[in-house]
Amino acid sequence: MVLEAASDGWVVTKRNLLKIKRVPDLVIFSTIQPIMFVLLFAYVFGGAIATPGINYREFLIPGIFVQTVAFGAGITAIGLADDLQKGIVDRFRSLPMSRGAVLFGRTSSDLINNVFTVIVMSITGVIVGWRINEGFLRGVAGFAILFLFAYAMSWISAVIGLSVKSVEVAQSAGFIWMFPLTFLSNAFVPTSSLPSVLRPVAEWNPISSVVLALRELWGNAPAGAANGTGFPAQHPIWLSIGWCLLILAIFVPMSIARYRRAASR
Amino acid sequence: MADAIIAERLGKTYGSVNAVVDLDLVVPEGTVLGLLGPNGAGKTTTVRMLTTLITPTSGRCEVGGIDVCAHPDQVRRIIGVSGQYAAVDDYLTGYENLEMVGRLYHLGKRRARKRAFELLEQFELTDAADRPAKTYSGGMRRRLDLAGALVVHPPVIFLDEPTTGLDPRSRLGMWGVISDLVKAGSTLLLTTQYLEEADRLCDEIVVIDHGRAIAQGTATELKSQMGGEKLAVAVGDHEELATAADVLRSVGVDEPEVDDQAREVTVHIDRGTAALVEAVRKLDGADITPTNLEIRKPTLDDVFLTLTGQPAQEETETGGTA
């Protein structure tokens, strides 16, 4: 049973990856955008944002990584909405295949897409002066958290893709909420620079936790209060993992339930 | 002979809309049942219930002797489904589409591959096997979709409007393919809007409208219920209408209908071309040269006019299904 489910998931993953191969535009544009962000923030805002004890570009890169994988996860909504609209989900559902395979296959191929984007971004980061300063293992741990987060975000996106009525709606509904989510965080500016009303929101934002975890693991964090205050600032790594598991615990069952319902309308 | 498909008082309700109401169907093994009706009649909803895609609101159904609601997984192993919108992946090649379906039926790599090549051959897609389905014509996509439904030689096949939107040539090709399936002994349920298609492919036809079965029988039975064929004569001049009507009265089986505006007279006939020949002779004798002269076979519209007193009307339906 489990083997069949894994094999079905892999067949669907492969099918989605073939699409990326046939239509590389999507990857190209989803890669150009983060590179543009790195360059714009590094060179336009870089001088105006104070990050005590650390070069802004080093501070910035983990933030851009997290923002990018969050947006990258938005593709899950589009892919699922597209399959529903084109009737491919009906075909899948009339086959004796594992029920979750379409969703696991979709989130897996979107994760692979995200990994590819992060590789391109890392190279861009290194070029503008970003470094992992804390050794190999902590470097790997940082990427592991980043990809766990990317995967968790894909499942939120899956629920959106299964709830909307068309690809066009998925295109905006899948992304619009990510702007406040990623900007109301420590991704681009230290939370200490935010108005006091917004500060706790930004500090407890899962995006901030993941960004801070990466900064700590990679040695890209600014000194002292610029990291924020209180519990989220002190335990970013465990808090990030906790956020990701919480998101998965809620959104995986929710997606599967929606998938059944969306397809059986 | 066992019954491959059974539906008993099957119903599906969306909010206050009754998509399908108390539908009874029986399809004996190895036969073809046509569900004939206009858009929005409930054809697709019925197919989706029988193929495990949606749950009926009421009633029950069986496919291959298995209760569909109780054991959907077992039903999925013995059915092939080809939907109204060809469910092929545009970005995969024809071969990749079929291989993927084979893998999802758990055929294993080698058998999935072999079966994909067989089907491509059978459906004349071998030359296009390595092209993305995006580049296929409408007819090719339909054939590929149908091939996908046949990967595991399913004993029961559902085809939802297999020829809607196809050009006449592709439609003929599709009919050929479907006839071959029937000869090979499969049980088929197909939905269509075309009486001609149902006539040609189906052993038994169920006419549905507003989710209800309104007539059932063989194509011949249905046609005779509708008064059969008509002979139509159009003339160039209004003065000739009355004479043409006299001629048709003498060859037809009922009182001719005269359409002043179209300058056309029609009458029901029961002798086919013999009536046509006689009419030609008589018209010639009366010195009338018709501008048009034809035998009209009953269409879906005639079925509906006869059965409901209203022409088949298109309806928009909730949930995007027809």
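This is a predicted model: local features need pLDDT of at least 70, side-chain atom pairs count only at pLDDT 80 or more; totals for chains, interfaces and linings use all residues.

Modeller: Let's start with a pair of strands: β11(B), residues 230-234, runs antiparallel to β14(B), and five bridges join them.

Now zoom out to the whole sheet. It is an open one with four strands, ordered β12-β13-β11-β14 in chain B, and the pairing is antiparallel. The edges are taken by β12(B), residues 257-259, and β14(B), residues 292-296; each has a single partner strand, so one side of each is left without a neighbour in the sheet. On average, neighbouring strands here are turned by 15° against each other, if you ignore direction.

Two helices go with these strands. Helix α9(B), residues 240-251, lies across β11, β12 and β13 of chain B, and its direction is at about 10° to β13(B), which covers residues 264-268. Helix α10(B), residues 273-285, lies across β11 and β14 of chain B instead, running at about 160° to β14(B). So far as domains go, chain B is divided into domain 1, made of 3-88 + 136-224, and domain 2, which spans 229-296. Their C-alpha centres lie 39 Å apart.

Strand β1(B), residues 3-14, pairs with β2(B), residues 17-28, in the antiparallel sense over eight bridges. Tyr14(B) has Val17(B) in β2(B) as its bridge partner. The two strands form a hairpin with two residues between them, and Gly15(B) in that turn has a positive phi of about 60°. β1(B) also pairs with β4(B), residues 58-63, again antiparallel, over five bridges. There, Ile6(B) stands opposite Glu62(B) of β4(B).

One last stop is Leu98(B), in helix α3(B), residues 94-104. Leu98(B) has a relative accessible area of 2%, and because the cut-off for buried is under 20%, this residue counts as buried. Setting aside neighbours within four places in sequence, Leu98(B) is in contact with Ala116(B), Leu119(B), Leu120(B), Leu144(B), Ala147(B), Gly148(B) and Val151(B). As for Lys109(B), it sits eleven residues from Leu98(B) in sequence and 12 Å away in space, C-alpha to C-alpha.

Key. Residues are numbered from 1 along each chain as its sequence is written. Chains are lettered from A and ligands numbered from 1 in the order in which they are written. Side-chain values use heavy atoms; hydrogens and water are left out. Buried means under 20% relative accessible area, exposed over 50%, partly exposed in between (1.4 Å probe, protein chains only). Contact means heavy atoms within 4.5 Å. Two strands pair if DSSP finds at least two bridges between them. Axes are lines fitted to C-alpha atoms, for helices over the stretch in contact, and angles run from 0 to 180 degrees between N-to-C directions. Domain bounds come from an automatic or database domain assignment.
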